[in-house]
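Please consult the sequence and the model shown here.

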Amino acid sequence: VDIAGKIKSARKREKRSQAWVANKLNVCRSSVARWESGETTPTTSNLKVLSTIFNENFLSDETHVRTPMEIIDEYKDRLEKSHNVIGIYRAVQKLMSDLGIDYFLYMQVFRGDLHPTPKSFIITDIDLDWQLYYAENNLQANDPVWAHCWNSVLPIYSDDVYKKAVKNNDKEQKKIFEKFWGMGYGFYVAIPIHGPCCMAVFSVTIRSREKVEMVRNLTPVLSY
């Protein structure tokens, strides 16, 4: 079944924008664009919603509901075949889309870099507006998530960071979350990665609060 063509055809038939479809499915517009280009494929749950809103069957009888681990295994194979940053970016982006996650961020610094604002390597598909806000306000220097990941191997969730900010009456941290939510983001998990020479954080973000439990359940798989 040509899912990409069916989605685009149904959307145009109903005179709807990609943004409208994205809003109905609680995903970002770029996810819909990637579905229509054939770069990624919607999850089974998203195909069911598409079937409902367009009154058309997007699921075939042979549709196999892949487990998160099956998706991860496919991603690992694709990642091993990636030979540059663009290939890695596309592989991770496809993984996120297949898992139903809106955005990802991978940030890495060398342990020997003791500069107050260490140079970092970053790949992400998070909206540019948030990236600029984060950089222009030098949030990395006082980011409790980064501090946690530097000193721990345990994942940390945005809700826990916010609760701690409220408990400590940390107005600056609460302001960051108000901005975060104001830009339409709902929830994230940050997973520390400790290597012999580098320290990194892999973070995934969703817009819809309805997917919070899904992300919590996926955390062990993402850590794997």
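Glutamine 108 has phenylalanine 121 of strand 2 as its bridge partner. Strand 1 (residues 103–110) and strand 2 run antiparallel and are joined by 4 bridges. Strands are DSSP runs of E of at least two residues, and helices are runs of H or I of at least four, numbered from the N terminus. The model is predicted: local features need pLDDT of at least 70, side-chain atom pairs count only at pLDDT 80 or more, and totals for chains, interfaces and linings use all residues. Residues are numbered from 1 along each chain as its sequence is written, and side-chain values use heavy atoms, leaving out hydrogens and water.

Helix 8 (residues 144–151) packs on the sheet, and its direction makes about 35° with that of strand 4. Contact means heavy atoms within 4.5 Å. The strands touched by helix 8 include the following.

| Strand | Residues |
|---|---|
| strand 4 | 187–194 |
| strand 5 | 198–206 |

The open sheet has 5 strands in the order 2-1-5-4-3, with antiparallel pairing. Strand 2 (121–124) and strand 3 (156–157) stand at the edges with a single partner strand each, so one side of each lacks a neighbour in the sheet. Two strands pair if DSSP finds at least two bridges between them.

On confidence, pLDDT is the predictor's confidence in each residue, from 0 to 100. The protein chain has a mean pLDDT of 84, and 92% of its residues reach 70 or more. Among its elements, helix 5 (residues 68–80) has the lowest mean pLDDT (76), and strand 3 the highest (94).

How values were computed: Axes fitted to C-alpha atoms, helices over the stretch in contact; angles between N-to-C directions.
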